[in-house]
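Reader: I am new to this structure. Please walk me through how to read it.

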Amino acid sequence: MKYRRRFKQSSPLEERLAEEAERLREEARNLPPGSLRETLLRKARQDEVTAHIAEWLTSPGLQPPKP
């Protein structure tokens, strides 16, 4: 039987996404205007939106209905 390799994340998802977005923005700053720069900026925005959605989904305001 094969076992799935488990990996314990050292930081929360929102933090990792924010770091990735910042890294992408920094990389895009060093590029001339063009499609590669736009792609990096788009990915950075997607990471930020994903972080906000993940934060929203794990917020205490979203609780399943109690029977």
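**Reading the helices and their contacts**

Author: Start with Pro-12, which is found in the segment before α1. Helices (H or I, at least four residues) and strands (E, at least two) are DSSP runs, numbered from the N terminus. This is a predicted model, where local features need pLDDT of at least 70, side-chain atom pairs count only at pLDDT 80 or more, and totals for chains, interfaces and linings use all residues. Residues are numbered from 1 along each chain as its sequence is written, and side-chain values use heavy atoms, with hydrogens and water left out.

Reader: Is Pro-12 buried, exposed or partly exposed?

Author: Buried means under 20% relative accessible area, exposed means over 50%, and partly exposed is in between (1.4 Å probe, protein chains only). Pro-12 has a relative accessible area of 45%, so Pro-12 is partly exposed. Its C-alpha atom and that of Ala-51 are separated by 10.0 Å. Along the chain, Pro-12 and Ala-51 are 39 residues apart.

Reader: How do I read the way α1 and α2 cross?

Author: Two packed helices are described by the angle between their axes and the distance between the axes. Axes are lines fitted to C-alpha atoms, for helices over the stretch in contact, and angles run from 0 to 180 degrees between N-to-C directions. Here, helix α1 covers residues 13-29 and helix α2 covers residues 35-57. Their axes come within 8 Å and cross at roughly 165°. Therefore α1 and α2 are roughly antiparallel to each other. The cut-offs: under 35 degrees is roughly parallel, over 145 roughly antiparallel, 65 to 115 roughly perpendicular, and the rest oblique.

Reader: Which residues of α1 and α2 meet?

Author: Contact means heavy atoms within 4.5 Å. On the α1 side, the residues include Leu-13, Leu-17, Ala-21 and Leu-24. On the α2 side, they include Leu-40, Ala-44, Asp-47 and Ala-51. The residues of this contact between α1 and α2 divide into ten nonpolar, one polar and ten charged. Ala, Val, Leu, Ile, Met, Phe, Trp, Tyr, Cys and Pro count as nonpolar, Asp, Glu, Lys and Arg as charged, and the others, Gly among them, as polar.

Reader: What does Ala-21 touch?

Author: Ala-21 lies in helix α1. Its relative accessibility is 2%, so Ala-21 counts as buried. Leaving aside neighbours within four places in sequence, Ala-21 is in contact with Ala-44, Asp-47 and Glu-48. The C-alpha atoms of Ala-21 and Glu-48 are separated by 6.5 Å, though the two are 27 residues apart along the chain.

Reader: And where is Asp-47 found?

Author: Asp-47 is found in helix α2. Asp-47 is buried, with a relative accessible area of 4%. Not counting residues up to four places away in sequence, Asp-47 touches Leu-17, Glu-20, Ala-21 and Leu-24.

Reader: How many salt bridges does the structure hold?

Author: Side chains of opposite charge can pair when their charged atoms come close. A salt bridge is a side-chain nitrogen of Lys or Arg within 4 Å of a carboxyl oxygen of Asp or Glu. The structure holds six. One of them joins Glu-20 and Arg-23, at 2.8 Å from N to O. These two are three residues apart in helix α1, so about one helical turn separates them. Arg-23 also forms a salt bridge with Glu-27, with the closest N and O atoms 3.0 Å apart.

Reader: Which residues are linked in a network of salt bridges?

Author: Glu-20, Arg-23 and Glu-27 are linked in that way. Glu-20 is partly exposed at 26% relative accessible area, and Arg-23 is partly exposed at 42%.
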